Amino acid sequence: MTNSALHPLPTTGALTGILEALAFFRDPAFAKKRFDHLGNVFETSMLGKPMVFIQGSKAITDLLSQPEAIEGWWPESVQKLLGSHSLANRNGAAHKARRRVVAQLFSSAALNRYSPGIINLVNELCEELKSATTAIPLSKKMRNFAFSVIATTVLGLEGGDRDKLFSDFEIWTKALFSIPIALPGSAFANALKARKRLLEKLQKILTRPIKNKGGLDLLSGGLDEAGIPLTDDDLAEQLLLLLFAGYETTASALSCLMQELLLNPPLEAWLREEIDNLIWPPAPEQATISYDPSNAPKLEAIVNEVMRLTPPVGGFFRRTKKSLIIDGVIVPNNRIVQVALASSNRHGVGDLEVFRPQRHLDKKCSLTLMPFGGGERICLGKSLAELEIRLMMVGLFRKLQFRVVPNQDFTLRQLPSPSPRDELLVNVKLAKE
Ligand code: HEM
């Protein structure tokens, strides 16, 4: 590209960034409005700090294909609550070494080991829903499920241990995207205390002899290689990250998926045609493939469409380490760049504002979706999340029928991940055989 084809970075002109920060949290169309006006790459100020927003596959590819020019970044509240050892807050060799260690928890062998546990959790939930005599908040159940998959199936915790972790975990997650000032009694101060207790509990788990539960025994080889002792604070922080990364995200995908289907009977009938021909439960050793895109293409299309329009992670961040060109725009060194997935997924030619899962079954569909991020920091739990979602959807629809309770608020709260405001209240009965 010649220098004359390059453009300086367009800006909103905001200085203090106070109104911009308020608008960012309140207005789901914040980024879209500014992209429409300023183009695919623009800068604004968020509470006095410059932040660049980007959208579109050209801009995202330009950013992620220059790993030497960028590093990971999270807002200060997330940085502090995850901790300095967390791989999310590390870069270069320290990041890579920890990713290699944690990735062992998500290998195909590990997923095969977790499958029976996840199938049990789905069956238990079906039993609970079946015997309920009042309306059930389905979103809450999806959160419990996503937490249990990580706490029980991956970390090997049971009963009391798991419940103790859950209550602190909820206090901790509430402040992840808050103002990081620990005034006594504030959500952030409470979250810091909860973080301390969570790490102590995780440490205790790591000092116990590892029985053949969960996947923690899978970590040992990689730990030696990375020079991290098993009982170190470092490892406890990586486990804490898994709870953060895999909880609201997976629960959000499941809740939005259920809401979309239950409010759209023709869509539900279209999916049921496919699910009625699948066997539940799958043989545990087949669970990772039984409902994959080749065996359940409609399910895959609906999941893709839900994650396109309501991505569980609406945006992720990088910091520039040198000046770089993104979609023809010069972005200076030391800028925080937010990849605005939510608006990116609606940007382009065609009916992209419309919910139409069939588009993903069309061979000509050229959408590039990145719900799990990309490049060197692509989501480590992608395969686990996909497995959880497929097993949950097939298990629920094979066994049960749902009727949404009328007159509830179906709009989505956006942070930390999209989720129905009234928790998606449903009445449940057995599915027709
Ligand atoms: C539908 C569910 C999920 C979605 C949409 C999702 C999405 C994402 C995204 C967008 C990123 C940031 C990638 C980047 O910066 O380029 C990420 C990172 C990460 N995710 Fe997920 N995630 C999901 C579930 C999970 C689960 C179940 C786990 C593990 C239990 C997990 C573990 C992680 C970890 C450890 C990272 C940090 C990777 C790094 O910084 O190198 N995620 N995820």
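Analyst: Ile150 counts as buried, because it has 27 C-beta neighbours inside 10 Å. Keep in mind that this is a predicted model.

User: OK, where is Ile150 found?

Analyst: Ile150 is in helix H7.

User: And which residues is Ile150 in contact with, leaving aside its neighbours within four places in sequence?

Analyst: Those are Leu155, Leu242, Leu243, Gly246 and Tyr247.

User: How do H7 and H11 pack, angle and distance?

Analyst: H7 covers residues 138-154. Its axis and that of H11 are 8 Å apart, at an angle of about 145 degrees. The crossing is right-handed.

User: Which residues in H7 and H11 meet?

Analyst: From H7 come Leu138, Ser139, Met142, Arg143, Ala146, Phe147, Ile150 and Val154. From H11 come Leu242, Leu243, Gly246, Tyr247, Thr250, Ala251, Leu254, Ser255 and Met258. By class, this contact has 12 nonpolar, 4 polar and 1 charged residues.

User: Switching to the ligand. How many residues surround it, and which are closest?

Analyst: 28 residues surround the ligand. The closest are Ala245, Gly246, Gly373, Cys379 and Gly381.

User: Which helix gives the largest share of that shell?

Analyst: H11, with 7 residues. H5 (92-103), H11 (233-262) and H16 each supply at least two residues.

User: How does the shell divide by class?

Analyst: It has 18 nonpolar, 8 polar and 2 charged residues.

User: Tell me about Cys379. Where does it lie?

Analyst: Cys379 lies in the loop between H15 (341-344) and H16.

User: Buried or exposed, and why?

Analyst: Cys379 is buried, because it has 20 C-beta neighbours inside 10 Å. Leaving aside neighbours within four places in sequence, Cys379 is in contact with Phe372 and Gly373.

User: How far apart are Cys379 and Ala245?

Analyst: In space they are 8.7 Å apart, C-alpha to C-alpha. In sequence they are 134 residues apart.

User: H16 came up. How does H6 pack with H16?

Analyst: H6 is residues 108-130 and H16 is residues 382-399. They pack at about 35 degrees, with axes 10 Å apart. H6 passes H16 in a right-handed crossing.

User: Which residues in H6 meet H16?

Analyst: Leu111, Ile118, Ile119, Val122, Asn123 and Cys126 in H6. On the H16 side, the residues include Leu384, Leu387, Leu391 and Gly395. The residues of this contact divide into 10 nonpolar, 3 polar and 2 charged.

User: New topic. Which residues of H2 are buried?

Analyst: In H2 (residues 30-38), they are Phe30, Ala31, Arg34 and Phe35. They cover an arc of only 115 degrees around the axis, so they sit on the same side of H2.

User: What covers the buried residues of H2?

Analyst: The cover includes helix H1 (18-26), strands E1 (41-46), E2 (49-54) and E8 (336-340), and H15.

User: Which exposed residues does the face turned away carry?

Analyst: Asp36 and His37. Just after H2, Gly39 takes a positive phi of about 100 degrees.

User: Which residues of H3 are buried?

Analyst: Ala59, Ile60 and Leu63, in a helix that runs over residues 57-64. Seen down the axis of H3, they fall within an arc of 95 degrees, so they line one face of the helix.

User: What is phi of Asp327?

Analyst: Phi of Asp327 is near 45 degrees, a positive value in a residue other than glycine. Asp327 is in the loop between E6 (324-326) and E7 (329-331). Asp327 counts as partly exposed, because it has 19 C-beta neighbours inside 10 Å.

User: And what about Asn407 and its phi?

Analyst: Asn407 has a positive phi of about 60 degrees, although it is not a glycine. Asn407 is in the loop between E9 (400-404) and E10. Asn407 is exposed, because 7 other C-beta atoms lie within 10 Å.

Terms used
Residues are numbered from 1 along each chain as its sequence is written. This is a predicted model: local features need pLDDT of at least 70, side-chain atom pairs count only at pLDDT 80 or more; totals for chains, interfaces and linings use all residues. Axes are lines fitted to C-alpha atoms, for helices over the stretch in contact, and angles run from 0 to 180 degrees between N-to-C directions. Helices (H or I, at least four residues) and strands (E, at least two) are DSSP runs, numbered from the N terminus. A crossing is left-handed if the near helix is turned anticlockwise from the far one by less than a right angle, and right-handed if clockwise. Two residues are in contact if their C-beta atoms, placed from the backbone, lie within 7 Å. Ala, Val, Leu, Ile, Met, Phe, Trp, Tyr, Cys and Pro count as nonpolar, Asp, Glu, Lys and Arg as charged, and the others, Gly among them, as polar. A residue is near a molecule or strand if its C-beta atom, placed from the backbone, lies within 6 Å of it. A residue is buried if 20 or more other C-beta atoms lie within 10 Å of its own, exposed if 12 or fewer, and partly exposed in between; C-beta atoms are placed from the backbone. The arc is that of the directions from the helix axis to the C-beta atoms.
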